[in-house]
Amino acid sequence: MPRFQRTAHRISLTAMFATMSLLFLYLASVLPTMRIAMYFLSSVFVMGLVVEEEIGLALIMFTGVSLLSLLLMPNILRVVPYILFFGHYGIFKHYAETRIKDKVIRYVLKLLYYNAALGLMYLLARQIVNEDILQHEFFRNAIWLVIVLAQIAFIVYDYAFAKVTVFYFNNIRRLLMKN
């Protein structure tokens, strides 16, 4: 059952979170640095709706932000990480952590989810980037280092995501839920 009943409150909260996600996606698209941090920040707003037990609204928000970002962003390729992973990870994380009790299985499943998204992004990049570049010896040798670093980056991301979720629940939520 949702934590708040007023339709206007639900709609305004969803619109506010969607706007913030779009803002950080825009910053990820135009800033030359801190792109990963902007993707991270764009992803946490879906989690706000998940915390409020509004999974349907979280899915609608993710879909709306994805479509709007494809229309509004100056570089639509910068939206791909949000669409393929960051935007819906909070929903997946919620289901994984509430339905799977074994921590090891849960973490392996989250890593598999991440790696599937990473694989899709790699396949998409191969279609866009010149194949000759990807066949260069440097890239063939460095791919294992990239894979290991990507796994570490995910562990840091998941940890930070959990901390931001707790911070939202303990500090921000009560300010947003005032009547």
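A salt bridge is a side-chain nitrogen of Lys or Arg within 4 Å of a carboxyl oxygen of Asp or Glu. The model used here is predicted, so that local features need pLDDT of at least 70, side-chain atom pairs count only at pLDDT 80 or more, and totals for chains, interfaces and linings use all residues. Residues are numbered from 1 along each chain as its sequence is written, and side-chain values use heavy atoms, with hydrogens and water left out.

**Exercise 1**

Describe the salt bridge between E97 and K110, and say which helices it joins.

*Solution.* Begin with the distance: the side chains of E97 and K110 meet at 2.8 Å, N to O. E97 belongs to helix 4 (residues 80-99) and K110 to helix 5 (residues 103-128), so the pair ties together parts that are 13 residues apart in sequence.

**Exercise 2**

Decide whether K110, E97 and D158 are buried or partly exposed.

*Solution.* Recall the cut-offs: buried means under 20% relative accessible area, exposed over 50%, and partly exposed in between, with a 1.4 Å probe and protein chains only. K110 has 2% and is therefore buried, E97 has 33% and counts as partly exposed, and D158 has 4% and counts as buried.

**Exercise 3**

*Solution.* The partner is D158, whose closest N and O atoms with K110 are 3.0 Å apart.

Methods
Helix = DSSP H or I, 4+ residues; strand = E, 2+ residues; numbered from the N terminus.
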